[in-house]
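Thanks for coming. I will go through one model, starting with its charged pairs and then moving on to its packing.

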Amino acid sequence: MNSIKPRTLDRIDLIILDTLQKDGRIANNDLAKKINLSASPCLERVRRLEKEGYIERYRAVLNSIKLNYGMSAFIQVTLDRTTSDVFEKFKTEVVKIKEVVECHMIAGGFDYLLKLRFSSMEAYREVLGMIVELPAVSQTHTYVVTENVKADRGVPIF
């Protein structure tokens, strides 16, 4: 986490963030043209946004089907007790399972919501076997995704 004090972003900063979120490979010259700045001040703004922590990293979005991870599911996980040491043990172990692509602690009727990517139902069963063996897991409920209607496309800037 960056400790630099947040500042108010202007419209140009927001356009830069929105553009880079949609196309992290855009050339600085093209980005500068889009926001009506010369290349040097545009690059300075991008570097400042990176330094201040508004831009955490750049990445490619991969085709999960071509890479044999075309199936996904969400698993609700309930722990048998909710103490800080149990939470820490669970978190330490769940991040080691490569098929778990997201893990969220939840306030409500269960403790964690996991998003999995896998190749087949057989692969899912293997991963589920690993999850139920995690520290203090008492119950799971799985929801297999049949259609991805809207995927995470980032922070809604505009």
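Asp 13 has 0% relative accessibility, so Asp 13 counts as buried; buried means under 20% relative accessible area, exposed over 50%, and partly exposed in between, with a 1.4 Å probe and protein chains only. This is a predicted model, where local features need pLDDT of at least 70 and side-chain atom pairs count only at pLDDT 80 or more, while totals for chains, interfaces and linings use all residues. Residues are numbered from 1 along each chain as its sequence is written, and side-chain values use heavy atoms, with hydrogens and water left out.

Asp 13 forms a salt bridge with Arg 48, the closest N and O atoms being 3.2 Å apart. By salt bridge I mean a side-chain nitrogen of Lys or Arg within 4 Å of a carboxyl oxygen of Asp or Glu. This pair links distant parts of the chain, 35 residues apart: Asp 13 is in helix 1 and Arg 48 in helix 3. Helices are DSSP runs of H or I, at least four residues, and strands are runs of E, at least two, numbered from the N terminus. Arg 48 is partly exposed at 30%, and its side chain also meets Glu 52 at 4.0 Å, N to O.

Now helix 5. Its buried residues are Ala 123, Tyr 124, Val 127 and Ile 131.
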